[in-house]
Amino acid sequence: MIRGTRSIIPTVVLALALLMPGAALAGTTITTTATAPAGPTGPGGPTGPKPKPKPKPKPKPKPPAKPAVSAHAKIYLYDSFFVSRSPVTVAGRRIHADGVVSPYVPGQWVHVRVMLGSRVIRSDNWRIRPSKNRRFGWFKVPFSSPGAGGISVEVTHKTNHAVREFKLSRSLAALDTNISFGSSGRFVQLIQQRLAALHIYIPQTGVYDSGTGWALDAYHRLLHWGTYQSVDGRTVSYLLNGWGEFKLRFPSHGRHAEGNLGLQLLALADGSHVQAILPISSGKPSTPTILGDFQVYSRVPGYLPDGMYYSNFFTGGYAIHGYDPAPDYPASHGCMRLPIQDAIWVYNWLSYGDWVDTYY
């Protein structure tokens with residue numbers, strides 16, 4: 001060994017210890033610690049510290065509820081008829097109460113009660129449905145009256161969060177249909193109105209008189225029901241439904257008369273529009289009414305010696321005139337007889353040159 005070497009070694013070791021204190025304490029092995037990577041094992045991963053949750057936003061306060069609106073409602077009776085401006089119907093006929101509510105609010109109901117006198121004949125709740133533009137709502141309630149008397153339709157809506165309470169009512173009459181010659185009243189007026197609406201000639205007297213009888217006779221002939229002047233249930237139903245039409249064959253003749261000898265009816269028309277339909281008695285088999293297209297060439301007011309009354313001649317001795325009797329079958333000498341009471345009105349309606357068309 002070289003002299004002095006033993007004294008140098010401790011000095012070197014001490015210097016190394018001062019320079020590397022961690023290594024000196026741990027021995028000759030030096031260990032370093034790496035920073036944990038971010039990811040599954042980092043602060044955001046399952047093994048790392050959990051992030052603080054974000055605070056939930058506070059719920060927005062609900063807007064204050066809108067106040068209930070005031071609704072306006074009406075009841076219409078479209079299927080009824082009006083006599084002296086009052087709505088009427090007949091027992092057993094199905095009609096509707098149509099309600100309109102404005103404004104429309106979804107989810108609303110009404111209670112409808114229909115009464116005949118003090119008797120409840122219908123009581124139900126009905127949903128108010130929206131119109132196409134949703135500006136108003138509607139409901140439709142069918143009902144029929146089991147008898148004659150006064151009918152009331154009562155509609156109620158109770159106050160809720162959206163619509164305030166409203167009530168309304170409508171009344172009409174169910175008429176007694178039992179009538180005969182000499183009867184008067186609203187049902188007779190109704191029958192006369194409906195006959196006139198179908199262009200059956202009838203003065204609006206309000207009395208079941210001979211004019212009403214002849215008009216009913218003409219209506220039954222139009223329907224091919226034969227000849228009779230009474231009112232039965234079928235007649236009432238057809239009249240109220242507006243059934244029955246005279247089919248013109250010569251609308252191009254302008255203002256003219258058509259005699260349908262098969263139906264024993266005379267129609268007065270302006271072009272294609274029927275103005276009046278009347279019963280006639282045409283020529284009997286031995287003296288038939290001439291067939292064809294003619295024009296009025298002579299007019300004679302008042303009576304002629306043979307009993308013809310207010311006559312419009314359309315060819316030779318053939319005329320449209322009043323006569324007594326004018327039965328409900330062919331009985332004349334070739335003319336078209338009218339009931340005496342209808343003759344003046346027909347005479348005034350026709351003029352010189354008007355066409356008269358006769359056919360079966």
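Tyr310 sits in strand S16, residues 309-315. Its C-alpha lies 9.0 Å from that of Asn348, a residue 38 places away in sequence. The model is predicted: local features need pLDDT of at least 70, side-chain atom pairs count only at pLDDT 80 or more, and totals for chains, interfaces and linings use all residues. Residues are numbered from 1 along each chain as its sequence is written, and side-chain values use heavy atoms, with hydrogens and water left out.

The protein chain has 6 helices and 19 strands. These are DSSP runs numbered from the N terminus (helices H or I, at least four residues; strands E, at least two). Of contacts between residues at least 6 apart in sequence, 55% join residues at least 24 apart. The chain has 360 residues, and 41% of them count as buried. Buried means under 20% relative accessible area, exposed over 50%, and partly exposed in between (1.4 Å probe, protein chains only). The chain exposes about 20,800 Å², and carbon and sulfur atoms supply 57% of that area. Accessible areas come from the Shrake-Rupley method with a 1.4 Å probe; for residues, only the protein chains shown count as cover.

The structure holds 4 salt bridges. A salt bridge is a side-chain nitrogen of Lys or Arg within 4 Å of a carboxyl oxygen of Asp or Glu. Side chains of opposite charge can pair when their charged atoms come close. One of the bridges joins Arg113 and Glu154, with the closest N and O atoms 2.7 Å apart. This pair links distant parts of the chain: Arg113 is in strand S5 (residues 109-116) and Glu154 in strand S9 (residues 149-157), 41 residues apart. Arg113 is partly exposed at 32% relative accessible area. Glu154 is also partly exposed, at 25%.

Arg122 forms a salt bridge with Asp124, again with closest N and O atoms 2.7 Å apart. Arg122 is partly exposed, with a relative accessible area of 27%. Asp124 is partly exposed at 28%. In the bridge between Asp217 and Arg221, the closest N and O atoms are 3.0 Å apart. Both residues lie in helix H4 (residues 210-222), 4 residues apart, or about one turn of the helix. Asp217 and Arg221 are both buried.

Definitions and conventions:
Contact = heavy atoms within 4.5 Å.
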